[in-house]
Amino acid sequence: MSGLVCLLLLAVACTAGCMGSPKGNTAPESWSGPEIRIITENFPPYNTLGPDGSVSGQSTDIVKEILQRQNENASIEVLPWAEGYSLAQTEPDAALYSTARTAERENLFLWVGPIGSIDFILYAKNGSAISVPSLEAAKKSGIIGVLRDDVRDQFLQSENVTNLYLCSDDLECAQKLNEGTIDLWLGSDSAGDAARQAGIDPGEFQPVYLIKKTDLYIAFNKDTPASVVTTWQATLDAMKKDGTYDQILAGYRNATSAAGGGRQNTISVSDTGFFVSAVVPLVDDRLNTILRPLEALALTDDVRSGDWNRIQPLLTGVEAKEPSARFWFARPNGSYYTTVDGLTSANLKSRSYFPTLLAGRESVGTVVSSHSTGRDVAIVAVPVMVNGTVTGVLGASVYLDSITTYVQDSLGLPDTVQFFAIDPAGNIALHSNDEQIFQNNMSAGTAQPGSVGAAVNAMLAEKAGTISYDSGGRHWQGVFSTSSLTGWHIAVVSADTV
């Protein structure tokens with residue numbers, strides 16, 4: 001009998017293995033979890049509603065592949081974004097994609113991803129002569145159309161932008177911009193697809209200001225069982241590991257970007273220590289290049305006068321040499337001027353770095369979303385002193401993605417190597433994948449051993465050391481060190497080859 005039992009067990013094991021996904025899926029043959037209500041919007045090319053009611057697109061293909069690997073039967077509903085966003089928060093076992101993950105939304109959902117990324121871009125009608133050099137300028141440039149309750153709408157409202165026209169979808173925004181009902185449209189890098197679907201030539205619109213980038217996720221209702229979310233994430237990670245995820249994305253890229261590629265060689269863990277020793281001084285030198293002119297200007301009579309008409313030409317001259325930053329002058333009450341906008345409508349008094357400056361000390365490296373530009377920046381600022389009293393602040397908001405590009409171009413890291421920096425507050429200050437910049441989800445949730453969160457916590461607890469973690473279907477390991485200038489914990493990690 002024992003021999004027969006062994007043969008039966010072997011047959012069962014073989015059946016399960018032979019009928020699994022050819023790409024190595026280990027999901028059960030039949031889905032035993034709850035029925036998931038999957039919701040999306042019409043947002044091409046990520047989620048596209050066809051004339052026959054079918055749903056396709058980059059994110060949709062990823063979701064369908066997850067469902068297929070898990071032998072899970074679920075239909076995909078296409079709803080207006082505001083309706084779907086509300087349902088995902090109120091209905092158990094609902095999931096919404098493609099959803100931008102932000103600090104404000106972090107605790108509203110359980111997250112699986114990332115499944116893509118988008119740029120936030122302001123568009124104007126071609127030939128309108130509208131110029132938007134900053135988010136502050138956009139507040140004065142007419143009516144801005146934006147998708148209701150979308151992350152772009154939430155971002156604008158968080159920045160006190162009130163001149164808004166709320167659209168039910170991006171197609172409506174494209175139509176309203178084409179008709180002249182609105183002056184600007186806060187769209188994305190896929191605006192051309194929305195315009196075409198609305199029957200409009202994308203050439204009718206022109207991008208006038210790039211604000212930021214963000215990652216896209218599948219957002220599950222908070223009451224969804226943790227086992228379901230874990231299984232979905234594991235299946236997505238397996239797709240990334242076996243190359244299916246990249247194949248789906250490549251199918252939606254244009255021929256040029258799909259054909260491109262960087263260096264594919266890897267480096268050893270010991271080599272990451274060498275790269276960390278190069279990255280830290282590169283980052284510090286880049287910020288010192290901004291800091292030193294500010295220190296010199298703060299000692300001049302023009303700046304010490306507090307007269308913006310005398311200060312502006314000096315800062316404009318520096319900014320012409322350093323276009324990767326926006327320069328500004330603030331008064332002790334928090335009101336401030338920028339080289340582009342003059343006196344702004346925002347105030348800096350509530351910023352965490354401002355008390356340090358009012359105390360007469362420099363501040364370098366605080367990571368914020370800029371009031372004036374809307375971009376993620378590192379603050380470099382010095383106090384202006386007259387007779388031992390702080391009478392103002394000279395500062396620069398340095399675009400974080402520009403620092404990332406500077407480091408990447410300087411070192412030419414291979415594709416299997418990443419670097420990132422965590423500020424003392426746990427925010428991502430720099431990342432090889434710049435969509436991750438200023439996200440806080442690296443350390444979100446329970447920091448299980450081997451997770452990204454555990455690695456980040458280890459970095460925040462020490463000035464230097466080694467880390468390892470699993471992410472995106474790969475195992476990463478490397479070395480980190482801490483900048484004495486910014487307090488950023490900077491790591492270089494290498495992925496195991498697959």
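Modeller: This is a predicted model, in which local features need pLDDT of at least 70, side-chain atom pairs count only at pLDDT 80 or more, and totals for chains, interfaces and linings use all residues. Residues are numbered from 1 along each chain as its sequence is written, and side-chain values use heavy atoms, with hydrogens and water left out.

Biologist: How many bridges join strand β12 to β13?

Modeller: Strands here are DSSP runs of E, at least two residues, and helices are runs of H or I, at least four, numbered from the N terminus. Two strands pair if DSSP finds at least two bridges between them. Strand β12 covers residues 335–338 and runs antiparallel to β13; the bridges joining them number 3.

Biologist: Which residue in β13 is the bridge partner of Ser335?

Modeller: Ser335 belongs to β12, which spans residues 335–338. In β13, its bridge partner is Asn347.

Biologist: What is the order of the strands in the open sheet?

Modeller: The sheet has 6 strands with antiparallel pairing. Its edge strands, each pairing on one side only, are β13 (342–347) and β14 (363–369). The order is β13-β12-β11-β16-β15-β14.

Biologist: Is helix α2 roughly parallel or perpendicular to α8?

Modeller: Axes are lines fitted to C-alpha atoms, for helices over the stretch in contact (heavy atoms within 4.5 Å), and angles run from 0 to 180 degrees between N-to-C directions. The axes of α2 (residues 58–69) and α8 (residues 226–242) come within 10 Å and cross at roughly 110°. Angles under 35 degrees count as roughly parallel, over 145 as roughly antiparallel, 65 to 115 as roughly perpendicular and the rest as oblique. Therefore α2 is, relative to α8, roughly perpendicular.
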